[in-house]
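Good morning, and thank you for joining the group meeting.

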Amino acid sequence: MLKLYNTLSKTKEEFKPINPGKVGMYVCGPTVYDHCHLGHARGYVSMDVLRRYLEYSGYEVRHIMNYTDVGHLTDDADDGEDKIEKQAVKEKIDPMEIADKYIKSCQEDFEALNIKKANFNPRPTKYITQIIKFVEELIKKGAAYEANGSVYFSVEKFPEYGKLSGKKTEDLEAGCRVKVKSEKKNPLDFALWIKAPKEHILKWESPWGVGYPGWHIECSVMSSDLLGQDTFDIHGGGNENAFPHNENEIAQSEAYLGKPMANLWVLWNMVRISGEKMSKSKGNFTTIKEALEEYGSAVVRLWIISSQYRSVVEYSDDSLGQAKSNLNRITDFVNNLKNIIHLEAKLPSNVEVSTDEYQKKFERAMNDDLNTPLALSALYDLITETNKLLAENKLGKSNAEKILALWERMNKIFGLEIASSEIKIPAEIKKLADEREEARKNKDFNKADELRKEVEKKGYVIKDTASGVEIKKK
């Protein structure tokens, strides 16, 4: 059975969907004010692997990933500029043009990395009415209050605050270094709705005046709308956002719903470069586009899945170089199998490869909190055994077909796009090669030689091997 590490309980838990055969999954998406970097790639490839393995296991997955296009301030809390508006000023275009531009960029990156499209990609600017209603209900329940045109969630009204991150409210209050807004009742109270200054572009009318939504409330409202006003199965995101973002999501959602927001919190770890976290704020990031241009999409994806999603992954030329070497090995393995299968002569299998054992090893690894490095080791062991049989001319067509089928099952999760070395041989050339083979069997070597020359005139070469006849382009 699949076990996933639940950041909420700090343990690996057996995955049990709320509704048999169906999974509701919400993943916090990027704030779209710039091109995505490799930290994003690491996270969203990891969530793609989770989705793929759930589908491989027979579940129907309803996957939601938002694009944050308003309300995410530069200090990740209640102060600073809106990241979208700040970039709009820098590029001298409308904030919604910024959002549209970088959503398109993100979609290009995800497509290149072979990340499956989410079922829905909601945007907070399309949810303003629902956000206002959600906030109004929190006020009615006594969990939030209006102050000077803004609305804040009252942390003291949610006794379990800190249960995801493990932070205690008394420690947070004691260590609070942020200047507290005078209208807040408690330094830990966070904004659900923010009063907009005159110069702010992204703003809407509300019962409390002109303003815009806080960052945290957006995910609560969109997940509730698209997965139902009930507990859903899996909430994904980056572990750097466990506090305050995910913590605040839990507080406001559970105050609103009166029940858990999500059963499992599956959070990925960071990408590090030269020992430091890769981030835009540090200016030490590499964009996905830059990495794709230098290494190619399959190498980048393999580099990501070569580490378990909860481990820190180091970005370096050495680590990407190793991924490139491993991809070449996988590519040769796949294409060798295809060549064996398409040989004109069929060599019988002298040795059977136990594909069932490799599949079990692969699934055991994936069931253990998506241990992709161990799952890949099952593939590499299979490649080693296959290559040994190839070198000894003991791998026949039927065995090659079994191994290739197992690779294709594994790759439904790995999601690697393998360059094919296959050449489509025209029917006319195949016919001439068959006639030549028939002539050779009848010991009519003059005719066989003439047919070989005719094939060569048409741009192809016939090669007789121990495994049979190969046809290649000249």
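**Cavities, a pocket and salt bridges**

The largest cavity has a volume of about 70 Å³. Before I continue, please note that this is a predicted model, in which local features need pLDDT of at least 70 and side-chain atom pairs count only at pLDDT 80 or more, while totals for chains, interfaces and linings use all residues. Residues are numbered from 1 along each chain as its sequence is written, and side-chain values use heavy atoms, with hydrogens and water left out.

The terms for the spaces come next. On a 1 Å grid over the protein atoms alone, a cavity is a set of points where a 1.4 Å probe fits but cannot get out; a pocket is an open set with protein on both sides within 12 Å along at least five of seven lines; and lining residues have an atom within 4 Å of a point. Grid points are joined across faces, edges and corners, and a volume is the space filled by probe spheres set on the points.

How many cavities of 30 Å³ or more does the structure hold? There are three. Around the largest cavity stand Ser 46, Val 49, Ile 304, Ile 305, Ser 307, Gln 308, Tyr 309, Leu 370 and Thr 372. Helices α1 and α9 (297-305) each supply at least two residues of that lining; helices here are DSSP runs of H or I with at least four residues, strands are runs of E with at least two, and both are numbered from the N terminus. By class, the lining of the largest cavity has five nonpolar, four polar and no charged residues. In this scheme Ala, Val, Leu, Ile, Met, Phe, Trp, Tyr, Cys and Pro count as nonpolar, Asp, Glu, Lys and Arg as charged, and the others, Gly among them, as polar.

The second largest cavity holds about 60 Å³ of space. Its lining includes Phe 134, Asp 230, Phe 232 and Met 261. Two or more residues of this lining come from each of α6 and α7. The lining of the second largest cavity divides into five nonpolar residues, four polar and one charged.

I turn now to the open space. The largest pocket has a volume of about 990 Å³. Of the 38 residues that line the largest pocket, Tyr 33, His 40, His 72, Asp 76 and Lys 83 lie nearest its centre. Elements giving two or more residues to the lining are α1 (38-56), α2 (83-91), α6 (215-227), β9 (232-238) and α7 (242-257). Which element gives the most? That is α2, with four residues. The pocket lining comprises 13 nonpolar, 17 polar and eight charged residues.

Next, a sheet. Three strands form an open sheet in the order β12-β11-β13, with mixed pairing. Strands pair here if DSSP finds at least two bridges between them. At the edges are β12 (276-277) and β13 (313-314), each pairing on one side only. Strand β11 (residues 271-273) runs antiparallel to β12 and is joined to it by two bridges.

For a loop residue, consider Asn 148, between β5 (144-147) and β6 (150-153). Is Asn 148 buried or exposed? Asn 148 is exposed, with a relative accessible area of 52%; buried means under 20%, exposed over 50% and partly exposed in between, with a 1.4 Å probe and protein chains only.

Finally, the salt bridges. The structure holds 26 of them, each being a side-chain nitrogen of Lys or Arg within 4 Å of a carboxyl oxygen of Asp or Glu. Arg 51 bridges to Glu 55, with the closest N and O atoms 3.1 Å apart. These two residues are four apart in helix α1, and so are separated by about one helical turn. Arg 51 is buried at 6% relative accessible area, whereas Glu 55 is partly exposed at 25%. Glu 55 also forms a salt bridge with Lys 116, at 2.6 Å between the closest N and O atoms. This second pair links distant parts of the chain, 61 residues apart, with Lys 116 in the loop between α3 (95-112) and α4 (128-140). A further network of salt bridges links Asp 449, Arg 452, Lys 453 and Glu 456.
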